[in-house]
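Here is a short note for a first look at this structure. Please keep the viewer open and follow the points in order.

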Amino acid sequence: RQDMKTRAQDSMSPDRNSRYTIAIALVAGLGGLMFGYDIGVIADAKIGVKSAFGLDNVQIEMVVSAVLAGSFLGALMAGRLCEAIGRRWTNVWGGGFFIVGCIGCAMSVDLSMIVAFRVVMGIGVGFSSVAGPLYIAEIAAPWSRGAMVSLYQLAITIGIFVAFLVGLLLDPTTQWRISFAMGALLGGSLIAGMLVMPPSPRWLIGRGRYDVALGVLKRTLGSDREAEKELDAIKRRVVEESGQSFWSALRTSRAVRMALVLAIGLAFLQQAQLTGVVDLHVRVVVAALHL
C-alpha cells in the first residue's frame with residue numbers, strides 16, 4: 001500500500017513541476033517584456049521627443065540608438081555579475097536600472113538627459129537579456145528547458161506588441177512621457193517576481209551550497225531521485241568547467257565553436273532580412289558545419 005502511494009505521488013509530480021517551472025519562466029520572462037517594450041515604445045515616443053526638444057534627424061537617431069549602447073555595456077557586465085551575485089539578483093538589478101531609465105526619460109528636459117537615461121534603460125535590458133534566459137535554463141527541468149527558454153523570446157514579441165498598443169492609446173506628441181513612465185511597471189514587476197523566486201541551482205552548487213541547490217532541484221524536478229542525479233551531474237560540469245577560459249573552450253571544443261558561429265549568424269541574419277541579404281544564411285551554415 002505504501003509503495004502504491006509513493007508511485008501515485010511520483011505520477012502526480014510532473015504536473016506540479018510543470019506549473020512551477022512555467023511560473024518561474026514567466027517571471028524571468030518579464031525581462032523579455034522589458035526588452036520588447038523598450039524596442040517598441042521609442043517608435044511612437046520619438047515623435048514627441050523630437051517635437052519637445054526641437055531635435056534634428058541626427059539627434060533623434062542618437063536618442064533611439066542610445067539604448068543599444070547601454071544594452072551592449074549591460075550584456076558585457078552581466079556575465080561576471082551573474083557569477084558574482086547570481087542570476088536572480090542580476091535580473092533584479094536589470095529591473096532596477098530599467099525603472100531608473102524609464103522614469104528618467106519621462107522627466108528629461110533636454111537631449112543629453114534623455115540620451116543618458118536611454119543608456120541606463122539599455123543597461124537594464126542588457127542585464128536581463130543575459131541573466132533571464134540563463135536563469136530559466138538553469139532552473140527548468142531538462143525535459144522542458146528548451147520550451148521554457150523560448151518563452152523569453154515570446155515575451156520580447158509581446159513586449160513590442162504592448163508598446164505599440166500604448167502608442168495607439170496615447171498621443172505620441174504630448175503623452176510620450178507617460179509611455180516611458182509606464183515601462184517602470186515592467187521593471188518593478190520583474191524585481192517583485194524575482195525576489196520570491198529561488199536562486200539558480202548551478203550558481204548555488206558553484207558556491208558550495210549543495211543542500212539549498214538540492215532543495216530547489218527537488219521542487220523543479222518533482223522527484224528526489226531525479227534531483228540527486230541532476231545535482232551530481234551539475235557538480236561534474238562545474239568541476240570540468242572550472243578554470244577554463246572562454247578562449248580555451250573555443251580552441252578545444254568544436255561544439256562551442258559551432259554554437260558561437262550559429263548564434264552570431266542567426267543574429268546577423270535577423271538584420272540581413274531587413275536589407276534583403278538573406279542568401280548569406282547558406283554560407284553561415286556551411287561555415288558552421290566545417291568548424
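This is a predicted model: local features need pLDDT of at least 70, side-chain atom pairs count only at pLDDT 80 or more; totals for chains, interfaces and linings use all residues.

**Notes on helix packing, charge pairs and surface**

1. Helix H2 (residues 30-53) packs with helix H7 (residues 176-195) at an angle of about 165 degrees, and their axes lie 8 Å apart. H2 is therefore roughly antiparallel to H7, because angles over 145 degrees count that way. The crossing of H2 past H7 is left-handed.

2. H7 also packs with H5. Here the angle is about 30 degrees, and the axes are 13 Å apart. H5 and H7 are therefore roughly parallel to each other, since the cut-off for that label is an angle under 35 degrees. The crossing of H5 and H7 is left-handed. Both numbers matter for reading such a pair: two packed helices are described by the angle between their axes and the distance between the axes.

3. Now the overall make-up. The protein has 13 helices and zero strands. Read from the N terminus, the elements run α-α-α-α-α-α-α-α-α-α-α-α-α. The protein has 291 residues, and 42% of them count as buried.

4. Next, the charge pairs. Side chains of opposite charge can pair when their charged atoms come close. How many salt bridges does the count come to? The count is five salt bridges. The next points take some of these pairs in turn.

5. Which side chain meets Asp38 in a salt bridge? It is that of Arg118, with an N to O distance of 3.1 Å. This pair links distant parts of the chain: Asp38 is in helix H2 and Arg118 is in helix H5 (residues 111-139), 80 residues apart. Are Asp38 and Arg118 buried or exposed? Both Asp38 and Arg118 are buried.

6. Arg87 and Glu138 form another salt bridge, and their closest N and O atoms are 2.7 Å apart. This pair also links distant parts of the chain. Arg87 is in helix H4 (residues 87-106), Glu138 is in helix H5, and 51 residues separate them. Arg87 and Glu138 are both buried. Arg87 and Glu138 also belong to a network of salt bridges, in which they are linked with Glu83 and Arg202.

7. Lys229 pairs with Glu226. The closest N and O atoms of this salt bridge are 3.8 Å apart, and the cut-off for a salt bridge is within 4 Å. Lys229 and Glu226 are separated by about one helical turn, because they are three residues apart in helix H10 (residues 224-241). Glu226 is partly exposed, with a relative accessible area of 29%.

8. Take Gly126, in helix H5. Gly126 is buried, with a relative accessible area of 1%.

9. Ala75 is in helix H3 (residues 57-85). In sequence, Ala75 and Ser129 are 54 residues apart; in space, C-alpha to C-alpha, they are 7.3 Å apart.

10. Where is Val196 found? Val196 is in the loop between H7 and helix H8 (201-206). Val196 is exposed, with a relative accessible area of 63%. From C-alpha to C-alpha, Val196 is 9.7 Å from Val27, and 169 residues separate the two in sequence.

11. Which residues make the nonpolar surface patch of about 570 Å²? They are Leu154, Ile158, Phe161, Val162, Leu165 and Leu168. Phe161 lies in helix H6 (residues 145-169). Why does Phe161 count as exposed? Phe161 counts as exposed because its relative accessibility is 52%, and the cut-off for exposed is over 50%.

Note on methods. Residues are numbered from 1 along each chain as its sequence is written. Side-chain values use heavy atoms; hydrogens and water are left out. Patches are made of residues with over 30% relative accessible area and no salt bridge: like charges are joined within 9 Å, nonpolar side chains (Val, Leu, Ile, Met, Phe, Trp, Tyr) within 5 Å. Accessible areas come from the Shrake-Rupley method with a 1.4 Å probe; for residues, only the protein chains shown count as cover. Helices (H or I, at least four residues) and strands (E, at least two) are DSSP runs, numbered from the N terminus. Buried means under 20% relative accessible area, exposed over 50%, partly exposed in between (1.4 Å probe, protein chains only). Axes are lines fitted to C-alpha atoms, for helices over the stretch in contact, and angles run from 0 to 180 degrees between N-to-C directions. Angles under 35 degrees count as roughly parallel, over 145 as roughly antiparallel, 65 to 115 as roughly perpendicular and the rest as oblique. A crossing is left-handed if the near helix is turned anticlockwise from the far one by less than a right angle, and right-handed if clockwise.
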